[in-house]
Amino acid sequence: MPRFGSHVSISKGYLEAAKAALAQGGSSFQYFPKNPRSLVVKTVNRADAARCALFCRDNGLFSIAHSPYPTNLASEDPAQQDQTAASLINDLEIAEMCGSVGVVVHFGIYKGKDPLQGYKNIIQCLDKTLSAWQGKAKLLIENQAGDHALMGTTFEELVQIRSLARYPEKIAFCLDTCHLFASGVWSEPENLSFAKHARKLGYMEHLAAVHMNDSVYPSGSRRDRHAAVGEGCIGEEGLSAFLKLPELQAIPVVLETRKDQDGTHSDQIRLLKHWLE
Ligand SMILES: [Zn+2]
């Protein structure tokens with residue numbers, strides 16, 4: 001069984017986030033290690049983070065952290081690249097203290113004229129970050145929906161970036177189902193041939209987490225709007241088939257969807273479990 005959960009708030013600290021994740025019936029969760037709108041490095045309450053890690057270990061909870069929104073691996077500007085690397089190291093430190101699997105980072109948005117330069121920037125930024133990182137937590141690169149550009153939507157790119165980086169062993173993947181569908185890589189809900197392809201490319205063996213989202217918009221729309229599971233264009237048929245992929249067993253499968261009526265994700269988590277019965 002995959003480890004279901006959702007994104008939870010750390011407004012009351014890391015330990016309380018873990019408790020909320022367990023209370024809603026989850027066995028995993030995602031959190032922002034710091035303010036999601038800034039790259040400013042955070043001084044962490046180490047005692048709280050350590051209590052979170054202990055609570056997760058005692059209760060069999062897995063967690064992943066999500067880097068702040070301004071994090072952009074593809075940025076051209078050296079000053080911004082330094083700031084991004086420093087922020088990511090900070091995220092990795094917090095993730096490690098909280099006992100998390102890793103830090104999700106978006107592939108990156110390149111605004112220049114030469115796409116090859118964009119890929120080089122991403123590799124450079126990964127190398128800069130990971131040369132200064134000795135912990136166990138990994139960077140988990142997430143596939144994109146294609147709403148900014150097509151860059152970062154295919155398994156080929158994700159696998160290539162990882163293999164060209166200096167420390168591939170410190171990099172794994174986070175697969176977002178909404179992005180996969182919206183980008184067109186997942187073309188029809190009932191057709192899971194992309195998984196076979198991803199396996200052949202060596203992507204699936206490094207899959208460490210899933211963002212479990214339905215998609216408001218159809219396949220190929222390149223529009224990134226998450227829908228509650230079963231309420232979007234992928235729907236129950238597609239998502240329940242996806243959940244049966246063998247690579248999902250025992251990894252965090254985390255909802256980034258609207259909350260249920262009770263303000264948690266317990267209904268959607270129950271629904272995911274129900275689909276596997
Ligand atoms: Zn996502």
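Me: How many salt bridges are there by this rule?
Reply: The count comes to seven, with a salt bridge being a side-chain nitrogen of Lys or Arg within 4 Å of a carboxyl oxygen of Asp or Glu. This is a predicted model, where local features need pLDDT of at least 70 and side-chain atom pairs count only at pLDDT 80 or more, while totals for chains, interfaces and linings use all residues. Residues are numbered from 1 along each chain as its sequence is written, and side-chain values use heavy atoms, leaving out hydrogens and water.

Me: What makes K34 and D91 a salt bridge?
Reply: Their closest N and O atoms are 2.4 Å apart, so they fall within the 4 Å limit.

Me: Which donors does the zinc ion have?
Reply: E142, D176, H211 and E256 sit 2.1 to 2.3 Å from the zinc ion, and donors are N, O and S atoms within 2.8 Å of the metal (3.2 Å for Na, K and Ca), with water not among the atoms, so sites may look incomplete.

Me: How are the donor residues spaced in sequence?
Reply: The pattern is E-x33-D-x34-H-x44-E. D176 and E256 are 80 residues apart, linking distant parts of the chain.

Conventions. Helices (H or I, at least four residues) and strands (E, at least two) are DSSP runs, numbered from the N terminus.
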